[in-house]
Amino acid sequence: MPNEADGSGEDDGTRDALAARRGLDDPVYAPAEDSGLLAEAAAERARGVVLEVGTGSGWVAERTAEVEGVSRVLGSDVNPHACRRARERGVEAVRASLVDPFRDRAFDTVLFNPPYLPTDPDAEWGDWQEAALSGGESGRELIEPFLEDVGRVLAPSGTVLLLVSSLTGFGEVVEHAVDCGFRAETVVEESFPYETLSVLALSLDN
Amino acid sequence: MKESLLDIVCCPLDKHDLELSVDERDGEDDGEILSGTLTCTDCGEEYPIEDGIPNLLPPDMREA
């Protein structure tokens, strides 16, 4: 999640560094390189009815709605400020935790740019930006439950596009996805000074 | 929210259908629902729709 306004790569992921670069007074995650990469993957692979989990400002969802073959895009977020921001962009917003309130096989494509920064539990700061950034101690505290339930809401031959940072452990995420019955393939990848971002396309094996 | 969202969402607790009750609509009959309630047809839990956004968080996460 480096910010496009800062090419220096000095960020160490601490609250102060993030606050300085990203303006943490805003309760909604602003689009950054990770968002751009997910939108790029969606432009290639999204189709049909799409859900963006953790839509934040709705920027990726808004772009995905313009992709050929995409018929409808929903954006969900736990953060009420994010839901409002996404709705203002014209994205159908639902306040939700991961994929909890969605029906079985409802989506052809599910996008997720998860909170993935590994965070020291003693240093957590307890606001909406933390919810958007922190993936707990492992960095995978939301990715794992997401992978365990997303297969339920995916239509047969549907695709999950999941953004993964090397900070979170690429191998561990792929392994967990495979354990949940997915085939994993890298769609796009980009390296930055302190992390490599990839978007995985996950499809169900059956 | 659009009424057709009912084909996509369900109760986050038990995945049963939700029944819509509309308090305010944007314009005519087919307009977006601005406020109302979604009620689980099985467990009876109620989920509010406010400013056009359904809040489908489970009740224990609804604060904040």
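This is a predicted model: local features need pLDDT of at least 70, side-chain atom pairs count only at pLDDT 80 or more; totals for chains, interfaces and linings use all residues.
Which residues does Arg140(A) touch, not counting residues up to four places away in sequence? I looked it up: Gly135(A), Pro145(A), Thr168(A), Gly169(A), Glu172(A) and Val173(A). Contact here means heavy atoms within 4.5 Å. Arg140(A) sits in the loop between H5 and H6 of chain A. Arg140(A) counts as buried because its relative accessibility is 15% (buried is under 20% relative accessible area, exposed over 50%, partly exposed in between, with a 1.4 Å probe and protein chains only). Helices (H or I, at least four residues) and strands (E, at least two) are DSSP runs, numbered from the N terminus.

Residues are numbered from 1 along each chain as its sequence is written, chains are lettered from A and ligands numbered from 1 in the order in which they are written, and side-chain values use heavy atoms, with hydrogens and water left out.

**Aromatic pairs**

I searched the whole structure and got two aromatic pairs over all chains. Rings of Phe, Tyr and Trp (its six-membered ring) pair if their centres lie within 6.5 Å; planes under 30 degrees apart are stacked, over 60 edge-to-face and the rest tilted. Phe102(A) and Phe107(A) make an edge-to-face pair, at 5.4 Å centre to centre and 70° between the planes. Phe102(A) is buried at 0% relative accessibility, and Phe107(A) is buried at 0% too.

Phe112(A) and Phe146(A) make a tilted pair, with 4.5 Å centre to centre and 50° between the planes. This pair links distant parts of the chain, 34 residues apart: Phe112(A) is in strand E4 (residues 107-112) and Phe146(A) in helix H6 (residues 143-153), both of chain A. Phe112(A) is buried with a relative accessible area of 3%, Phe146(A) with 0%.

**Helix H6(A)**

Phe146(A) made me check the rest of the helix. Ile143(A), Phe146(A), Leu147(A), Val150(A) and Val153(A) are buried in H6(A). They lie on the same side of H6(A), because they cover an arc of only 125° around the axis (the arc is that of the directions from the helix axis to the C-beta atoms). Among the elements covering these buried residues are E4, strand E5 (154-165) and helix H7 (170-179) of chain A.

**Pockets**

The largest pocket holds about 480 Å³ of space. It is lined by 30 residues, and Gly54(A), Asp77(A), Pro115(A), Ala131(A) and Ala132(A) lie nearest its centre. H5(A) gives the most to this lining, with three residues.

For the record, a pocket is an open set of points on a 1 Å grid over the protein atoms alone where a 1.4 Å probe fits, with protein on both sides within 12 Å along at least five of seven lines; lining residues have an atom within 4 Å of a point. Grid points are joined across faces, edges and corners, and a volume is the space filled by probe spheres set on the points.

The second largest pocket has about 160 Å³. Ten residues line it, the closest to its centre being Pro80(A), Arg84(A), Arg95(A), Glu50(B) and Asn55(B).

**Asn79(A)**

Last, I looked at Asn79(A), in the loop between E2 and H4 of chain A. Asn79(A) is buried, at 4% relative accessibility. Not counting residues up to four places away in sequence, Asn79(A) touches Pro27(A), Val28(A), Arg95(A) and Trp128(A).
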